[in-house]
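Hi,

Please take a look at the structure below. My notes on it follow.

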Amino acid sequence: MSGADELDEAIALANSGRTRPDPPPAPRLKRIRRIQWSEHGEDAMEPVDPAGQAEDRHGRSAQAGHSGRGEHADGAGRPAPQHPVDASGASREAERPGDGEGHQKRAAHEAAPSWSDAVALAASVATPPPPTSLGLNRALGHTLAAPVRALTDLPPFDTSAMDGWAVSGPGPWELARTADGEERPGILAGDRSDPPRLADGEAIRIATGARVPAGTSAVLRWEAAERTGAARLRTATPPQPGTDIRPRGQECRTGDALLGTGSPVTPAVLGLAAAAGYDELEVVARPRAEVLVLGDELLHRGLPRDGRIRDALGPMVEPWLTALGADVTATRLLGDDAEALFEAVSGTTADVLVTTGGTAAGPVDHLQPTLRRAGARLLVHGVRVRPGHPMLLAVLDPDDEAPAAPDARTRPGAAGAETGARAGARPRYLVGLPGNPLAALSGLMTLAGPLLRALAGRAEPRPRTATLGAEMPGHPRDTRLVPVRREGSGVRSRVRPLRYAGPAMLRGVASCDALAVVPPGGAAPGEDVAVLDLPW
Ligand SMILES: Nc1nc2c(c(=O)[nH]1)N[C@H]1C(S)=C(S)[C@@H](COP(=O)(O)OP(=O)(O)OC[C@H]3O[C@@H](n4cnc5c(N)ncnc54)[C@H](O)[C@@H]3O)O[C@H]1N2
Ligand code: MOO
């Protein structure tokens with residue numbers, strides 16, 4: 001049977017709703033750049049291991065019963081666990097099959113990248129498109145493609161910081177007069193003409209933001225001044241020289257670097273750029289993303305009923321991607337329709353397609369066969385992280401970096417694939433999020449976030465750590481991402497794990513402050529672990 005026939009058979013079987021009698025054939029696919037398709041294809045996921053799945057049969061957190069800890073074995077090069085981690089199922093070493101299919105599946109999972117390697121890989125596969133100039137009114141949410149340097153001194157002139165009087169000398173003062181003896185009108189913000197110089201012992205009314213006349217030693221606040229007679233001014237506490245004057249260039253001098261390449265354009269960046277003289281900014285466009293929600297069991301209104309549940313990912317993923325820097329063009333609800341999935345995958349015009357569910361090897365998990373049918377190349381297929389280990393990352397147009405064929409619409413993209421390469425186009429990527437909601441979130445943080453940052457030309461977030469206020473049980477071999485809440489005040493706050501952090505639960509993460517990155521083997525109270533900020 002040819003590879004294409006095998007795939008067709010697998011898809012037909014999946015569509016029939018029957019369970020697969022045997023493991024599917026190993027796919028004959030192109031080798032990938034860094035990580036290959038697993039030898040065991042779509043069936044290469046190990047059975048759910050309660051360690052790190054953080055959920056017992058009552059839906060309680062596994063953290064509760066943890067006791068032992070091993071050494072760390074994460075991508076940071078810590079040694080492997082010497083003692084199996086424990087109690088609440090945290091170690092299944094004793095139950096591991098020594099050979100056979102289960103052993104092969106476990107080996108395949110162990111060959112998957114560590115969590116930190118997967119993050120690094122997702123951050124390195126894509127490059128940003130060429131920069132573009134956008135008016136300030138359109139640049140919000142994009143990423144700076146060039147440093148912002150001050151085009152002017154800020155403030156551009158000596159400026160009054162208060163409403164009151166510009167005074168020269170220690171006082172009392174005479175009010176400044178015009179040539180014909182009238183009191184000189186006060187100076188307002190935006191007055192076009194240069195204010196005349198103040199002589200020693202003179203004062204003139206001035207508004208906040210107005211240019212301070214030459215000769216001014218300080219600004220006397222309106223409420224601190226007392227007019228004596230028609231033409232004299234005094235104060236109980238004479239202002240020190242320079243009081244309430246913002247000197248020219250106090251914030252920056254022309255040419256000073258204000259913001260670096262890779263900074264996101266926030267509302268404050270727009271304000272600073274405008275103040276510093278910019279009308280347009282050189283930016284990298286926001287990557288375009290599309291979301292496909294898979295699963296016939298999902299309801300989109302009302303209460304769960306008849307074995308069906310509400311779609312928790314449709315409402316979550318789109319705003320999450322937006323917060324990660326993407327422009328989400330659509331969220332589409334596809335059910336478990338393999339053909340609709342293929343059409344959506346091969347026809348997308350988004351830079352990043354994000355799917356939810358269907359990553360595993362269940363009877364209606366169509367994602368992996370669809371990717372093969374579409375000629376996609378898997379870059380990551382499984383990550384050593386809990387929850388979320390079946391997450392995947394693929395490039396939909398593995399050949400797009402090659403010169404375009406004469407008729408790009410008909411040229412096959414890859415052996416057995418039904419799509420054509422798109423002339424001169426940039427590669428499109430697919431992030432497959434597992435269906436369990438917390439596992440999907442783990443995929444967003446592990447693969448989607450770093451990929452979108454790379455496409456947007458964004459700088460890496462600064463690594464942050466926090467001290468653990470409680471024991472964090474670990475998975476023996478995989479990293480765990482655990483919703484935590486900060487507690488206490490002071491320079492170093494401590495973090496505590498939240499309950500309800502099972503892979504199918506969002507209750508913990510909906511009220512967390514961050515996700516703790518718990519290394520394989522776990523971490524003890526007082527230890528520092530990396531923490532990931534949520535993207536808002
Ligand atoms: N034999 C094995 N089965 C499973 C494994 C495994 O290693 N071997 N891994 C488990 C893990 S871990 C996860 S995570 C899931 C991943 O499965 P899929 O990505 O194929 O997701 P589905 O099967 O479609 O759904 C899983 C679960 O999540 C619910 N779901 C799906 N979409 C949504 C949504 N939009 N909102 C709320 N809930 C959703 C779905 O109903 C299922 O309960 O596979 C395990 N199985
Ligand atoms: O538990 Mo699965 O780890 O990805 O939800």
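**Notes on the model**

Y500 is where I would like to begin. Y500 is not a glycine, yet its phi is positive, about 55°. Please keep in mind that this is a predicted model.

D306 also has a positive phi, near 50°, in a residue other than glycine. Is D306 buried or exposed? D306 is exposed, because 6 other C-beta atoms lie within 10 Å and the exposed class runs to 12 or fewer. You will find D306 in the loop between strand 15 (298-299) and strand 16 (309-310).

**The chain overall**

The protein chain has 536 residues, and buried residues make up 44% of them. It holds 10 helices and 27 strands. Now take the contacts with a separation of 6 or more. Residues 24 or more positions apart account for 73% of these.

R426 and A126 are 300 residues apart along the chain, and their C-alpha atoms are separated by 9.6 Å. R426 sits in the loop between strand 21 and strand 22 (429-433). R426 is partly exposed, because 16 other C-beta atoms lie within 10 Å, a count between the limits of 12 and 20.

**Helix 4 and helix 9**

Next, a helix pair. Helix 4 covers residues 115-124 and helix 9 covers residues 437-456. They pack at an angle of about 30°, and their axes are 7 Å apart. That angle makes helix 4 roughly parallel to helix 9, because angles under 35 degrees count as such. The crossing of the two helices is right-handed.

Which residues make the contact? From helix 4 they are W115, A118, V119, A122, A123 and S124. From helix 9 they are T446, L447, P450, L451, R453 and A454. By class, this contact has nine nonpolar, two polar and one charged residues.

Helix 4 has these buried residues: W115, S116, A118, V119, L121 and A122. What covers them includes helix 9 and several strands. Among those strands are strand 19 (377-381), strand 20 (385-386), strand 21 (392-395) and strand 24 (479-487). An α-helix has 3.6 residues a turn, so residues three or four places apart point the same way.

**Around ligand 2**

The shell around ligand 2 has 10 residues. Which of them come nearest? They are P387, G388, N436, A439 and P503. By class, the shell has five nonpolar, four polar and one charged residues.

**Cis peptide bonds**

Two proline positions to look at. The peptide bond from L154 to P155 is cis, with omega near -10°. P155 lies in the loop between strand 3 (148-149) and strand 4 (159-160). A cis peptide bond also joins G171 and P172, with omega about -5°. P172 is in the loop between strand 5 (164-167) and strand 6 (173-175).

Best wishes

Note on methods: Residues are numbered from 1 along each chain as its sequence is written. Chains are lettered from A and ligands numbered from 1 in the order in which they are written. This is a predicted model: local features need pLDDT of at least 70, side-chain atom pairs count only at pLDDT 80 or more; totals for chains, interfaces and linings use all residues. A residue is near a molecule or strand if its C-beta atom, placed from the backbone, lies within 6 Å of it. Ala, Val, Leu, Ile, Met, Phe, Trp, Tyr, Cys and Pro count as nonpolar, Asp, Glu, Lys and Arg as charged, and the others, Gly among them, as polar. Axes are lines fitted to C-alpha atoms, for helices over the stretch in contact, and angles run from 0 to 180 degrees between N-to-C directions. Helices (H or I, at least four residues) and strands (E, at least two) are DSSP runs, numbered from the N terminus. Angles under 35 degrees count as roughly parallel, over 145 as roughly antiparallel, 65 to 115 as roughly perpendicular and the rest as oblique. A crossing is left-handed if the near helix is turned anticlockwise from the far one by less than a right angle, and right-handed if clockwise. Two residues are in contact if their C-beta atoms, placed from the backbone, lie within 7 Å.
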